[in-house]
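Here are my notes for you to read alongside the structure. Have it open and find each spot as you go.

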Amino acid sequence: MSLLLWLALGLVACQSGSIGAHQADCAQCHNQQAEDFAASQLSQSATSPLFVALLAETEAVHGETSAALCESCHAPTVGHEEGLSCASCHAAVGNRVAENGELVHNLSGPVRGPTGSAPGAPHDTLAGVFANSSELCGTCHDVAGPAGFEESPYAHWLEAPTQQSPAPQGCADCHMQQGHRFEGLWSTGADQLLASAMRLELAREGGELVVTVHNDNPGHRLPDGASYLRRLSVNIDGQATIWLSTRLQREGSQVYSPNLADAQIQGSIPPLESRTWTVTSPEQTRVCVVFQAIEPGLLQHLGLAPELAGPEVEVLCESG
Ligand code: HEC
Ligand code: HEC
Ligand code: HEC
Ligand code: HEC
Ligand code: HEC
C-alpha cells in the first residue's frame, strides 16, 4: 500500500471515535442534556434578538474587529456549527488567555467529559482536565471591552472566599444543579436564585430605618456577570432607588447601551459582605429588592419589544 493511503486510512481510523465525527448526533444518545441545553439561554447565544441588535450596533460604532470579538464567545465556529454547541465545551482542551473567549478546541480528539469513562459510547472519551474546570467557563465569562462590555465573574471567583474552603465550589457546582440548563438571571427561577444568595434585614432606631443587604454567595459578587444589562435594586418607599446592578454612563450622563458607555458605575456587593443604608422614614416603611431580567431603557434604545424585559419581580420584601 502506498504511504499516502496508509496516512489517509490512519486519519480516518483516528477520527472515527473523535468528537468531530459525531457532532451531528450528540442529541440522539444524550437527549436529556440536549433538551436541557436547548431550553437554556446558552443555546440562544447567537440568535437572541437582543444579541443580534447589539451586535449590529457594535459593528456600526466600533467596527468589524469588535464585532468579531463578540462572535468569538456568542457564535464560536467549532467545526461546522454556529452558536454555542456541545463541542464548545466538550472539545475544549485549553485557552490562550483566560478571557475574551480565547478557547482552543480539538475536534479530532476524544470527547472530554467529567469521568473519562463511557462504556458503549461510539466516541473516544477522556477525563477533561480543562473541560471540567471553572477556567473553561471563565474564558467566556470574563469580557474585556469594547466600551461598556466589561464582565469578570471568573476574576471575582478566583479571589472569592470559596477558594479558602477545602473543596471550593466551581461554576458548574452552582450553575449546573439542573444539569445543562445553566441556570442564571435570564432563566425561569432567577428570583429564587437571587433569593437563595441574599438576605434583607431591617432595624429601626427611632425615626431612622437601617436597611442591610447581605450577599451570602461565597462564589462571586451580587449581582455578577453582564449585570449592566439587568436591573437589580433596593427600593425603600419614599426614597431614591439604590442600584445593585451596574449602571452605564457616558460623559457623566446615564446611557443604556454598553456600546455607548465610557464608564461603569458598580453597585454590586462582594461575596459574603453586606451593605447598609440609613434613612429617615415613618414606621412600617416597605423595602423591597426588585429584579428585572433586561434593562427596559436598552430595549427602547434598540427599538426592541418592551416585553423582552420580563416582569419586574419582588425578590424579597420587609416592612420596618
Ligand atoms: C464558548 C463560550 C462559553 C463557555 C465555555 C461557557 N459559557 Fe456560559 N454563556 C456564554 C454566553 C455567550 C452566554 C449568554 C447566552 C445568552 O444569554 O444568549 C452564557 C450564559 C451563561 C449563563 C446565564 C444563563 C441565564 O439564563 O442567564 C450561565 C449561568 C452560564 N453561562 C454558565 C456557564 C458555566 C457554568 C460554564 C462552564 C461549565 C459556561 N457558562 C461556559 C458563553 C459561554
Ligand atoms: C457550557 C459548557 C457545556 C456545554 C455547551 C455542554 N456541556 Fe455537557 N457538560 C459540561 C460540564 C461542565 C459537565 C460536567 C457536569 C458536572 O460535573 O456536573 C458536562 C457533562 C456532560 C455529560 C455527562 C453526564 C452529565 O449530564 O453530567 C454528558 C453526557 C454531556 N455533558 C453531554 C452534552 C451534550 C450532548 C451537549 C450538547 C447538547 C453538552 N453536553 C453541552 C459542560 C457543557
Ligand atoms: C468573552 C466572551 C464574550 C464576549 C467577547 C462578548 N460576550 Fe456577550 N455575553 C457573554 C456572556 C458569558 C454572557 C452572559 C452573561 C450573563 O448572563 O451575565 C453574555 C451576554 C450577552 C447578552 C445578553 C444575552 C443575549 O444573548 O441576549 C448580549 C446581548 C451580549 N452578551 C452581547 C454582546 C456583544 C454585542 C458583544 C461584543 C461587543 C459581546 N456580547 C461580547 C460573553 C461574551
Ligand atoms: C450512539 C450514541 C452516542 C452518541 C452519538 C454520542 N454519545 Fe456520548 N456517550 C454515549 C454513551 C453510551 C456514554 C456512556 C454513558 C453515559 O454517560 O450516558 C456517553 C458518554 C458521554 C459523556 C460522559 C463522558 C465522561 O467523561 O463521563 C459525554 C460528555 C458525552 N458522551 C458527550 C457526547 C457528545 C458531546 C456527543 C456528540 C459529539 C456524544 N456524546 C455523542 C453515547 C453516545
Ligand atoms: C456558590 C455558588 C456559585 C458559584 C461557585 C458561582 N456562581 Fe455564578 N451565580 C450564583 C448565584 C446565586 C447567582 C445569582 C446572583 C448573582 O448574580 O450574584 C450567580 C450569577 C451568575 C451570573 C449572572 C447570570 C446572569 O444571567 O446575569 C454569571 C454570569 C455567573 N454567575 C457566572 C459564574 C461563573 C463563570 C462562575 C465560576 C467562575 C460562577 N458563576 C460561580 C452562584 C454561584
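1. Start with Arg230: one of its polar side-chain atoms sits 2.7 Å from an oxygen atom of ligand 5. Keep in mind that this is a predicted model. Helices α8 (153-158), α9 and α10 each give two or more residues to the shell around ligand 5.

2. His175 brings a polar side-chain atom to 2.8 Å from a nitrogen atom of the ligand. With Arg221 it's the backbone that takes part: an N or O atom there lies 2.8 Å from an oxygen atom of ligand 5.

3. Who else is around ligand 5? The shell holds 23 residues, and Cys171, Cys174, His175, His220 and Arg230 are the closest. Sorted by type, the shell has 12 nonpolar, 8 polar and 3 charged residues.

4. Now hop over to ligand 1. His141 has a polar side-chain atom 2.9 Å from a nitrogen atom of this ligand. Leu185 uses a polar backbone atom, 3.2 Å from an oxygen atom of ligand 1, and a polar backbone atom of Gln41 is 3.5 Å from an oxygen atom of ligand 1. The elements giving two or more residues to this shell are α5, α7 (134-141) and α9 (171-175).

5. Which element gives the most to the shell around ligand 1? That's α7, with 4 residues. There are 21 residues around the ligand, and Cys137, Cys140, His141, Trp186 and Ser187 come nearest. The shell splits into 12 nonpolar, 8 polar and 1 charged.

6. You'll find His74 in helix α5, which covers residues 64-74.

7. As a reminder, strands of a sheet pair through backbone hydrogen bonds, either parallel or antiparallel.

8. Zoom in on β9 (residues 231-236) and β15 (residues 286-292), an antiparallel pair joined over 6 bridges. Here Val234 stands opposite Val289 of β15.

Conventions. Residues numbered from 1 in each chain as written. Chains lettered and ligands numbered in written order. Predicted model: local features only at pLDDT ≥ 70, side-chain atom pairs only at ≥ 80, totals over all residues. Heavy atoms only, no water. Near = heavy atom within 4 Å. Polar contact = N/O pair within 3.5 Å; in protein donor to acceptor, adjacent residues only side chain to side chain. Nonpolar A, V, L, I, M, F, W, Y, C, P; charged D, E, K, R; others polar. Pairing = 2+ DSSP bridges.
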